[in-house]
Amino acid sequence: FHLSGTVREPATSSEPELLCNVSVSFDRCKITSVTCSCGNKDIFYCAHVVALSLYRVRKPEQVKLRLPISETLFQMNRDQLQKFVQYLITVHHTDVLPTAQKLADEILSQNSEINQVHGAPDPTAGASVDDENCWHLDEEQVQEQVKLFLSQGGYHGSGKQLNLLFSKVREMLRMRDSNGARMLTLITEQFMGDPRLALWRQQGTTMTDKYRQLWDELGALWMCIVLNPHCKPEQKAAWLRQLRRWNGVDVCPLEDGNHGSELINLTNVLPQGPPGNP
């Protein structure tokens with residue numbers, strides 16, 4: 001359920017050797033979270049996360065398997081547990097000391113919430129069957145990159161970068177990856193928050209052709225999502241609520257030829273069969 005290792009990036013003529021500490025969590029054949037000390041922020045996994053994952057796939061016999069940490073702690077006596085905790089805090093004291101002190105205060109308080117729960121969480125023992133499981137997606141990075149591309153107003157290849165993001169959504173949809181709709185929602189939120197929409201509405205001017213093409217692509221992708229025969233009814237209901245919320249925003253662009261304020265009623269558009277034929 002959890003993979004950790006150190007990845008060495010060889011030195012180059014301009015950069016010294018780099019050692020990166022990488023952690024990857026899994027749940028039902030999906031990578032659900034990643035961390036890397038390299039600090040590189042991007043929508044996609046850094047090379048060190050990819051390298052560690054490929055090493056685990058290709059050389060499983062080289063990776064030492066361990067019991068969940070809760071099982072290991074259960075085997076320790078009191079002195080070993082105290083030594084374990086104190087060494088852990090000593091090694092990472094600047095990072096974990098505030099959290100360790102807070103937890104200690106709560107555990108020593110009889111009426112604290114932590115004492116009302118039996119046992120303790122263990123991220124190395126896997127998630128509950130009822131927990132959500134989906135591929136890791138850095139939502140903050142998606143939002144930041146789309147916001148950056150939109151702020152460039154079509155210059156410096158920003159339109160090309162946005163089309164690459166749309167292509168990534170299409171790839172996710174082909175793979176039936178639930179992150180496709182999740183990523184498109186994040187992209188749409190940034191499009192809806194573009195300050196130029198309010199400016200164009202205030203001035204009574206239309207958006208540029210290049211920008212209109214991006215919105216058309218956005219609409220086409222949402223059509224792919226809501227017409228997906230594999231999604232659940234509750235998902236469709238949630239997307240409909242979301243689309244209606246966006247449609248109700250004043251600055252939401254109207255589709256060409258559709259000047260109404262309501263979403264199109266598909267039952268009036270689709271051809272109707274003979275009576276009694278659903």
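## Reading helices, burial and aromatic pairs

Mentor: Let's start with helix α1 (residues 47-58): its 12 residues reach 16 Å from the first C-alpha to the last, close to the 16 Å expected at 1.5 Å a residue. The expected span is 1.5 Å times one less than the number of residues. Helices (H or I, at least four residues) and strands (E, at least two) are DSSP runs, numbered from the N terminus. This is a predicted model, in which local features need pLDDT of at least 70 and side-chain atom pairs count only at pLDDT 80 or more, while totals for chains, interfaces and linings use all residues. Residues are numbered from 1 along each chain as its sequence is written, and side-chain values use heavy atoms, with hydrogens and water left out.

Trainee: Thanks! Which residues of α1 are buried?

Mentor: First the idea: buried means under 20% relative accessible area, exposed over 50%, and partly exposed in between (1.4 Å probe, protein chains only). In α1, the buried residues are His-48, Val-49, Leu-52 and Ser-53. Seen down the axis of α1, they fall within an arc of 135°, so they line one face of the helix. That arc is taken from the directions from the helix axis to the C-beta atoms. On the other side of α1, you will find Ala-47, Val-57 and Arg-58 exposed.

Trainee: What do the buried residues of α1 pack against?

Mentor: Packing is read from contacts, meaning heavy atoms within 4.5 Å. The buried residues of α1 pack against β1 (2-9), β2 (18-27) and β3 (30-36).

Trainee: What is found in the loop between β2 and β3?

Mentor: Arg-28 is found there. With a relative accessible area of 36%, Arg-28 is partly exposed. Arg-28 and Phe-1 are 27 residues apart in sequence, and their C-alpha atoms are 8.8 Å apart in space.

Trainee: Which residues does UniProt list for "domain: SWIM-type"?

Mentor: The unreviewed UniProt entry lists residues 22-57. UniProt positions are given in the numbering used here, feature names are shortened, and annotations may be inferred rather than shown by experiment. Over residues 22-57 the chain is 31% helix and 36% strand, with its end C-alpha atoms 16 Å apart.

Trainee: How many helices and strands does the protein have?

Mentor: There are 11 helices and three strands. From the N terminus on, the elements run β-β-β-α-α-α-α-α-α-α-α-α-α-α. Of the 278 residues, 23% count as buried. Among contacts between residues at least 6 apart in sequence, 53% join residues at least 24 apart.

Trainee: Is α7 mostly covered or mostly open?

Mentor: Mostly covered: 12 of the 14 residues of α7 are buried. Among them are Gly-180, Leu-184, Ile-187 and Phe-191. What covers the buried residues of α7 includes α5 (139-151), α6, α8 (195-203), α9 and α10 (233-247). As for length, α7 reaches 20 Å from its first C-alpha to its last, close to the 20 Å expected at 1.5 Å a residue.

Trainee: How many aromatic pairs are there in the whole structure?

Mentor: The general idea is that rings of Phe, Tyr and Trp (its six-membered ring) pair if their centres lie within 6.5 Å; planes under 30 degrees apart count as stacked, over 60 as edge-to-face and the rest as tilted. A search of the whole structure finds four aromatic pairs. In one of these, the rings of Phe-166 and Phe-191 have their centres 6.2 Å apart and their planes at 40°, so the pair is tilted. This pair links distant parts of the chain, with Phe-166 in helix α6 (residues 158-174) and Phe-191 in helix α7 (residues 179-192), 25 residues apart. Phe-166 counts as buried at 1% relative accessibility, and Phe-191 is buried at 0%.

Trainee: How do Phe-191 and Tyr-211 pair, stacked or edge-to-face?

Mentor: Phe-191 and Tyr-211 are stacked, at 6.1 Å centre to centre and 10° between the planes. Phe-191 lies in helix α7 and Tyr-211 in helix α9 (residues 209-226), so the pair ties together parts that are 20 residues apart in sequence. Both Phe-191 and Tyr-211 are buried.

Trainee: Which residues form one aromatic cluster?

Mentor: Phe-166, Phe-191, Tyr-211 and Trp-215 form it. Tyr-211 also has Arg-196 over its face, at 4.6 Å from the ring centre. A charge sits over a ring if NZ of Lys or CZ of Arg is within 6 Å of the ring centre and within 35 degrees of the ring normal.
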